[in-house]
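Please keep the model in view while reading, and find each named part as the text comes to it.

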Amino acid sequence: MKALSIKNLKKTYANGNVALKGINFSVEEGDFYALLGPNGAGKTTAIGIVTSLVNKTGGEVEIFGHNIDTELEAAKTCIGLVPQEINMNLWETVQNVVLNQAGYYGLGRKLAHERTEKYLRALRLWDRRNDVSRSLSGGMKRRLMIARALVHEPKLLILDEPTAGVDIEIRRSMWDFLRAINDAGTTIILTTHYLEEAESLCRHVAIIDEGEIIEDARMTVVLRKLQREVFVLSLANPISEAPVLEGFDTILRDDTELEVGKESASTLNDLFRQLNAQQIEVVSLRNKANRLEELFIRLIENKHDGFKEMAGH
Amino acid sequence: MNISLNAVATMTIIRKEFTRVVRIWIQTIVPPAITMTLYFIIFGNLIGKRIGVMDGFDYMQYIAPGLIMMSVITNSYGNVVSSFFGAKFGGHVEEMLVSPMSNAAIVIGHVAGGVLRGVLVGMLVTIIALFFTKLEVRHPLIMVSVVLLSSTVFALAGFINAVFAKKFDDIAIVPTFVLTPLTYLGGVFYSISMLPEFWQNVSRANPILYMVNAFRYSILGTSDIGIGSAYAILLVFVTLLFSGCLYLMRHGIGIRE
């Protein structure tokens, strides 16, 4: 079953700004789906329409088969939203923020208390339950918004940049948590500017730019389109100039750090064979940039430069 | 519509609103109590003694019902306008908008919160009034129904104000330039029989006149207008304003982009 189906979705704001130009995409139940795009691309508008915070200009949206025009209540019951901006009542206690949200979804008081405890504990906020949410750190506020979005146990969780401004340790623990609830069956749609996050978590990716979907495929398929990768090699011994390697381009960043550009036709085995032949010993290797990030930038640049052909097509 | 879901959601808003009123009691309960005490001391006790009798009652007794109603009206209005605009401004109105609760539940929950505060402050002002004058309730059912309907009218009006408000100034304009003049000209401090006929007719266009007089009738048994017309006005306003609130919510005016 499709968790979300969007057909020809359009949005033109009152000031004439066309945010969505008739986009189509769908998310399968159980998927972990990344919706990526530069600032102002239309991601938040699309999410706003799905969650009925923004009125659409045209098109159709179905959530688990419920059309938002005809079965809004049923559609809304399926969704949990973690918005981009901190939008809780900062004067309410942490516990009341979650309890109130449970009440808005019709959960009885007893169940609301049980679920509130469950999710505040899961997101390591239970000890702060009686504090006003204003007193929480930025990362805690983001975790509180996740707890709030989960309290009615939605089938579809939409996270709009949930880890913005969160330190790496908390971000990693949030990733583990999101993986766990996805494994338990919750469909997740994620927008993020951390492409490492999208690559690590998501199985499907759509890229939106200027109100149009420019890529929509499984993550593995998308990454395969990346024709060129750049690796940074740490060398065991210093060298004075970049070695000449057939099929690769090389730049010596400093005497023990070599940057190697690799086209998809060549392999890492080729690279190491040639390095061994030149008695250059490699201690470690890493991608210069995240693979998805590289592809993302290329797609956006290609679109803006007017290039029709994608690398590898 | 899922009735039990909406009942729970409405109760959640009412509980949240009541908690808010109690949490910030220094802003919600104390100021009207102080203001009304000053009215009783200055207008009732000091100036009132010189005014003498009005409609057969001493002045303090005459203005007490009007002052109680004035505090009910302003607090019902003020609670909803500040709470709902605060929710818009802080973004947490989205908590309600993304949920499956109906628009009616959102309106009713906030209006009930406003009525609760209005009634709470009204009771407090009544207790204060009893320190200055004697009040006997002649028509308790009329008293209760007029208070509830009047506070509902102004809570609904406050909701509409909050929906349209874009900045904090916008929630002060209506109370300052509309509500306060209408309240002062609504027969709180005088009987409209004292006015020339033209101004009596103008006063009859003021809905607050009907609320103040109907409430005064329930306590003192005297009124400048017919009780039937007061109920008619109240019910028409409740219907119109509630429909207006639902229309604004349905179309997302001032709330959804």
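**A walk through two chains**

The helices α10(B) and α11(B) are oblique to each other. This is a predicted model, and in it the axes of helix α10 (residues 207–220) of chain B and helix α11 (residues 227–251) of chain B come within 9 Å of one another, crossing at roughly 130°.

A second pair of helices in chain B can be read in the same way. The axes of helix α6 (residues 103–132) and helix α7 (residues 140–164) of chain B come within 8 Å and cross at roughly 130°, which makes α6(B) oblique to α7(B). Here the crossing is right-handed. The contact is built from residues of α6(B) that include B:Val107, B:His110, B:Val111 and B:Gly114, and from residues of α7(B) that include B:Ser151, B:Thr152, B:Ala155 and B:Phe159. By class, the residues of the contact between α6(B) and α7(B) are nine nonpolar and seven polar, and none is charged.

Two residues named so far return in the nonpolar core. The largest nonpolar core has 149 residues, and those that touch the most other members are A:Ala147, A:Ile158, B:Phe159 and B:Met211. Helix α4 (residues 59–90) of chain B gives this core its largest share, 17 residues. To see one of these members in its surroundings, look at A:Ile158, which, leaving aside residues up to four places away in sequence, touches A:Ile47, A:Val50, A:Thr51, A:Ile79, A:Leu81, A:Val82 and A:Ile189. There is also a second, separate core, made of five residues, among them A:Leu233, A:Leu258, A:Val260 and A:Leu271.

Chain A itself holds 10 helices and 14 strands, and its C-alpha atoms fill a box of roughly 70 × 45 × 35 Å along the principal axes. Of the 313 residues in chain A, 40% are buried. When contacts in chain A between residues at least 6 apart in sequence are considered, 66% of them join residues at least 24 apart.

Where the two chains meet, the contact takes 22 residues from chain B and 26 residues from chain A. On the side of chain B that touches chain A, the elements giving two or more residues are α1 and α5 (93–97) of chain B, and α1(B) gives the most, with six residues. That side of chain B has nine nonpolar, eight polar and five charged residues.

The helix α1 (residues 3–23) of chain B is also the place of B:Thr19. B:Thr19 lies 9.6 Å from B:Gly113, C-alpha to C-alpha, although the two are 94 residues apart in sequence.

Key: Residues numbered from 1 in each chain as written. Chains lettered and ligands numbered in written order. Predicted model: local features only at pLDDT ≥ 70, side-chain atom pairs only at ≥ 80, totals over all residues. Helix = DSSP H or I, 4+ residues; strand = E, 2+ residues; numbered from the N terminus. Axes fitted to C-alpha atoms, helices over the stretch in contact; angles between N-to-C directions. Parallel < 35°, antiparallel > 145°, perpendicular 65-115°, else oblique. Core = buried A, V, L, I, M, F, W, Y, C linked by C-beta atoms within 7 Å. Buried ≥ 20, exposed ≤ 12 C-beta atoms within 10 Å, placed from the backbone. Contact = placed C-beta atoms within 7 Å. Nonpolar A, V, L, I, M, F, W, Y, C, P; charged D, E, K, R; others polar. Left-handed = near helix turned anticlockwise from the far one by under 90°.
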